[in-house]
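Please open the structure in the viewer and keep the selection tool at hand. The stops below are to be visited in order.

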Amino acid sequence: QLVNDFLEQSAARTPDKVALVCGGQRLTYAEIDRMANRMANALRAQGVNPGDRVVLFLPNTVELVVSIFATLKAGAVFVVVNATLKPDKLVYLVNNCRATALVTRVREAAAVGVVRAEMRSLQFIVLTEQGAAQAAQGGEGVFAFDALQAGYPDTCPPCQCIDRDLACLIYTSGSTGEPKGVMSAHSNVVFA
């Protein structure tokens, strides 16, 4: 069983049940599943392949939840990064895991833009929050989360993973040196 199977099964069984409350937003299982499918299709269309890393540089938001499941549905590996991380540490993590994509908020876009050239593997950035569409117009390989939601189908992409495939990398704090990525397969996350 894969981690994203839990969302898909819940969306099929209880599509109208509220799954997530975030601020004033209330989303059902079906809504989250459709949003994750659209984002997964967008990730694949932008070149994210099975096993690629997608760094999620976001606080606890709807976009973080959707991006986790979207990354898994695309067959990729999510890397959740603390939203308060300094740019030099972000560069280290992106380069260390060889991330293909980065999802972040508009308010971090300027700091990310300053160090983007140092992120050698990064192919594109997805911006969330209001103003993302305007910010995305200014850069090559920069997309607005809402535009991707509007531009891709909500059908589930074909599964390309098995339970032994990597689901996520969780980085240590680096208090005794450089942060290290702890690898967790789908089976590890499901067991936990």
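Select strand β3 (residues 53–57), helix α3 (residues 62–73) and strand β4 (residues 77–81): together they make a right-handed β-α-β unit. Right-handed means that, with the strands pointing away from the viewer, the path from the first strand over the helix to the second runs clockwise. Helices (H or I, at least four residues) and strands (E, at least two) are DSSP runs, numbered from the N terminus. The model is predicted: local features need pLDDT of at least 70, side-chain atom pairs count only at pLDDT 80 or more, and totals for chains, interfaces and linings use all residues. Residues are numbered from 1 along each chain as its sequence is written, and side-chain values use heavy atoms, without hydrogens and water.

Remain with the two strands. β3 and β4 run parallel and are joined by five bridges; V55 has V79 in β4 as its bridge partner. Four of the five residues of β4 are buried (under 20% relative accessible area; exposed is over 50%, partly exposed in between; 1.4 Å probe, protein chains only).

Next, select K73 and E8, whose side chains meet in a salt bridge (2.8 Å, N to O). The term requires a side-chain nitrogen of Lys or Arg within 4 Å of a carboxyl oxygen of Asp or Glu. K73 lies in helix α3 and E8 in helix α1 (residues 3–13), so the pair ties together parts 65 residues apart in sequence. K73 counts as buried at 3% relative accessibility, while E8, at 23%, counts as partly exposed.

Finally, select E108 and R105, which also form a salt bridge (2.8 Å, N to O); both residues are buried.

Definitions and conventions: Two strands pair if DSSP finds at least two bridges between them.
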